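Thanks, everyone. I have a few minutes on one structure, so please look at the screen.

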Amino acid sequence: MRILVVESDAERGELWCRYLKRQGGRTKLCRTEKSAVAALRFEIFDVLVLDLVIPDASVLAISDFATYRNPEVAIIVVTASSFFSDGSIFELMPNARGYLHTPVQPDDLAALVEHYGRKVTA
C-alpha cells in the first residue's frame, strides 16, 4: 500500500511514516503543499494522511489534486482543531474516510490506513 503523509511537524510525520512502514506500507513524507503536490504529480498513492493545519498551505487544494490524480484515494484527516468535529470535513473532502484528533496514536492511524487503504475487488 502506498501512503503519502502530509505533515508539517517533521518529528510527528517521521514517527507516523516509520510506524506505517513497519505495518507494511510504502510511505512518503511531505511537509509542504508544494512537495505534496509534486509527489502527487508523479506517483499514485492509495492513502493520503493529511494534517489540516499546515502553515502557508491549502490542504483542500492538496486533497482536490490527490482526488483528481486518483479518484480512489482514501484520505485520512488529522487535526488538532475541533473546528471540523461536526463532520463537515466529509462534505469538503469527498474522499475523506477518517478523521483523527491529535495527538494521534500510531496504532489508531495504522488501523484506519489499513482499513480504508485496502482495495476492494468485485
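Strand β3 is covered on both of its faces: Val47, Val49 and Asp51 are buried on one side, and Leu48 and Leu50 are buried on the other. That accounts for five of the five residues in the strand, which spans 47–51. In a regular strand the side chains alternate between the two faces of the sheet. Keep in mind that this is a predicted model.

Now the neighbours of β3. β1 runs parallel to β3, and four bridges join them; Leu4 stands opposite Leu48 there. β3 also pairs with β4, residues 74–79, again in the parallel sense, over five bridges. In that pairing, Leu50 has Val77 as its bridge partner.

Phe65 and Tyr68 are three residues apart in α3, so about one helical turn separates them. Phe65 is partly exposed, at 21% relative accessible area, whereas Tyr68 is exposed, at 65%.

Last, helix α2, residues 33–42. Ala36, Ala39 and Leu40 are buried in α2. Those residues cover an arc of only 95° around the axis, so they sit on the same side of the helix. Lys34 and Phe42, on the other side, are exposed. The cover over the buried residues of α2 includes β1, β2 and α3.

Definitions and conventions: Residues numbered from 1 in each chain as written. Predicted model: local features only at pLDDT ≥ 70, side-chain atom pairs only at ≥ 80, totals over all residues. Heavy atoms only, no water. Buried < 20%, exposed > 50% of the residue type's maximum accessible area, 1.4 Å probe, protein only. Helix = DSSP H or I, 4+ residues; strand = E, 2+ residues; numbered from the N terminus. Arc of directions from axis to C-beta. Contact = heavy atoms within 4.5 Å. Pairing = 2+ DSSP bridges.
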